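Here is a short walk through one structure. Keep the sequence and the 3D view side by side as you read.

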Amino acid sequence: MDLEFTDDDDELRANVRSVLASISPPGVVREIYEAKGDAAAVWEQMVELDWPGLGIAEEHGGVGMGFLEVAIVCDEHGRATTPGPYLATVTQYVPMVRELGGDHAAALLADVAAGRTTGTVALAEAGSWDPASVRTTAEERDGVWHLSGTKSAVLDGATADRIVVIARAPGTTGTDGLGAFLIPRGAAAASSRLVLDETLPVADLDLHGVVVPVDRVLARPGSPGVAAAIERANQEATVALAVNAVGACRNIFEQTVEYAKQREQYGKLIGSFQALKHRMADMYLAVERASALAWFAVLAIVEEDPRRAEATSLAKAAASDCERLIVRDGLQLHGGIGYTWEHDLHFLLKRAKACDALYGNGIHHRARLAEIVGLTGICTRETTTTRATTEDAS
């Protein structure tokens, strides 16, 4: 596994950063927070650049690259706190459709690659993204499928054109009996949440009474391999959020270092104070550690490494640790200016916090790691805490 970026990777990153500086500067983000604008123009520019199709195969109308290139774009999105449906569509909806779509996948992916549709995945319930915790049911009656249940914290849940709903056959438990159903926007009652990061809107969905035609079933409940496919898609979504969070944290750190080189206190630059040097050294190590684990997870997915499940949880847990330190110290070291609405720092702080809450926080993923290595007692105790913590954070 080669953890070094190639010249092509570096060129892609430079191009993405340059484009985002143009189409999604802090002013655009600020207008969204102040309800004076939206992300429509930003998304249109991404469509023109073929970013939605970056990780979609050429035979489906995409660019034919892979998850590594998608992750590079996600990293820069976090750095710029870019708004829009990219994360939900490209890192959640596309992997789920690719893994479960079967005969439907080609047309659905082609719609995304062409920019005709956006999408998202409705998985979480009661603050847990564990598929085994799904309680939403799907029952076939009179030639159609009837859904019943609720979904929480669905990214772009109120605005995505298409939603993949994970549900189970009645009477099944664990990962048995899971299926996937495609519904259009408006089919389920969506309640938008009051969120910390306005550029990552989430909604709760009420699926009671939702009817799904047979031709919109991506995977019938209980079909072989469904649980494994959902897990694989979730790994991509989780790692993408970890990369996004690390991108935001790195920018917070860089801005904090620059501020420390300019701000004077007691007639000296605050960056010259030994105590602050120690704190910035800790910030640097946190970012580098989280970054290394995030890119290890990306490559584990790209190379189909058998450690991809462990790598995913390691990356998300490290991103969570990084976020807590960087948000705290970045804000404190900026002093009073860091608390002001006029300063752009708070956009990054909120993005890092939001990414931590989605698809399981650090506690959840440490519990997952404990489960993988056989420490089920620890997993059971911490998962209970995770659900409450994640629900509060989101």
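In this predicted model, 3 strands build an open sheet. Their order is β4-β8-β7, and the pairing is antiparallel. Two strands sit at the edges: β4, residues 150-155, and β7, residues 189-192. Each of these edge strands pairs on one side only. From one strand to the next, the twist averages 25°.

Look now at the pairing of β7 with β8. Strand β8 covers residues 202-206. β7 and β8 run together in the antiparallel sense, over 4 bridges.

Turn next to a pair of helices. Two packed helices are described by the angle between their axes and the distance between the axes. Helix α4 spans residues 67-80, and helix α5 spans residues 86-100. The two pack at an angle of about 150°. Their axes lie 11 Å apart. Angles over 145 degrees count as roughly antiparallel, and α4 and α5 are therefore roughly antiparallel to each other. The crossing of α4 past α5 is left-handed.

Which residues in α4 and α5 meet? From α4 come V70, V73, C74 and H77. From α5 come Y86, L87, V90 and T91. By class, the residues of this contact of α4 with α5 divide into 6 nonpolar and 2 polar, with no charged residue.

Definitions and conventions: Residues are numbered from 1 along each chain as its sequence is written. This is a predicted model: local features need pLDDT of at least 70, side-chain atom pairs count only at pLDDT 80 or more; totals for chains, interfaces and linings use all residues. Side-chain values use heavy atoms; hydrogens and water are left out. Axes are lines fitted to C-alpha atoms, for helices over the stretch in contact, and angles run from 0 to 180 degrees between N-to-C directions. Angles under 35 degrees count as roughly parallel, over 145 as roughly antiparallel, 65 to 115 as roughly perpendicular and the rest as oblique. A crossing is left-handed if the near helix is turned anticlockwise from the far one by less than a right angle, and right-handed if clockwise. Contact means heavy atoms within 4.5 Å. Ala, Val, Leu, Ile, Met, Phe, Trp, Tyr, Cys and Pro count as nonpolar, Asp, Glu, Lys and Arg as charged, and the others, Gly among them, as polar. Two strands pair if DSSP finds at least two bridges between them.
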